[in-house]
Amino acid sequence: MAKVLITGGAGFIASNVADKMIELGHSVVIVDDLSSGFEYNINPKAKFYKMDIRDPKLKEVFAKEKPDYVCHHAAQMDVRKSVEDPMFDADVNIKAVCM
Ligand SMILES: NC(=O)c1ccc[n+]([C@@H]2O[C@H](COP(=O)([O-])OP(=O)(O)OC[C@H]3O[C@@H](n4cnc5c(N)ncnc54)[C@H](O)[C@@H]3O)[C@@H](O)[C@H]2O)c1
């Protein structure tokens, strides 16, 4: 069985991915800042870090948890917001992944 770190695990898509992985017997760690997701979506068997994926402390989570896999779903996905503030959109959706 694997340890999987799932970003955006309080959101629509990734909370379902997390539920399935737990059902299959994998160990799940979720990182989500709850900016658009909900705590009630988080599977109680998952370990949860309320954290922005742009936070430099994310490195400490990786060092501690040592996941076998990362399943990345955290995203700013409001199209209106991306048009209003494209730099914020790029910061979350592009830059954060390159850190
Ligand atoms: N919903 C769909 O039909 C659909 C279809 C295809 C692809 N997708 C993609 O799947 C991904 C997830 O979509 P969703 O519908 O689950 O959206 P969602 O808003 O429900 O989930 C996104 C999650 O990411 C979290 N998040 C946002 N910014 C964050 C940050 N900086 N740090 C940490 N967590 C952060 C939010 O709190 C939320 O829980 C997106 O990339 C989206 O484009 C969604």
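This is a predicted model: local features need pLDDT of at least 70, side-chain atom pairs count only at pLDDT 80 or more; totals for chains, interfaces and linings use all residues.
**View 1**

**View 2. The open sheet of four strands.** The strands are arranged in the order E3-E2-E1-E4, and their pairing is parallel. Strands E3 (47–50) and E4 (69–72) stand at the edges; each has a single partner strand, so one side of each lacks a neighbour in the sheet. From one strand to the next, the twist averages 20 degrees. Strands of a sheet pair through backbone hydrogen bonds, in either a parallel or an antiparallel manner.

**View 3. The pairing of strands E1 and E4.** Strand E1 comprises residues 3–7 and is joined to E4 by four bridges, the two strands running parallel. Within this region, Leu 5 has Val 70 of E4 as its bridge partner.

**View 4. Residues surrounding the ligand.** The ligand is surrounded by 19 residues. The closest of these are Phe 12, Ile 13, Asp 32, Ser 36 and Met 77.

**View 5. Polar atoms facing the ligand.** A polar backbone atom of Gly 11 is 3.0 Å from an oxygen atom of the ligand, and a polar backbone atom of Ile 13 is 2.8 Å from an oxygen atom of the ligand. Asp 52 contributes a polar side-chain atom, which lies 3.0 Å from a nitrogen atom of the ligand. On its own the ligand has 830 Å² of accessible area, of which the protein covers 71%.

Conventions: Residues are numbered from 1 along each chain as its sequence is written. Side-chain values use heavy atoms; hydrogens and water are left out. Two strands pair if DSSP finds at least two bridges between them. Axes are lines fitted to C-alpha atoms, for helices over the stretch in contact, and angles run from 0 to 180 degrees between N-to-C directions. A residue is near a molecule or strand if one of its heavy atoms lies within 4 Å of it. A polar contact is a pair of N or O atoms within 3.5 Å; within protein, one must be able to donate a hydrogen and the other to accept it, and residues adjacent in sequence count only if both atoms are side-chain atoms. Accessible areas come from the Shrake-Rupley method with a 1.4 Å probe; for residues, only the protein chains shown count as cover.
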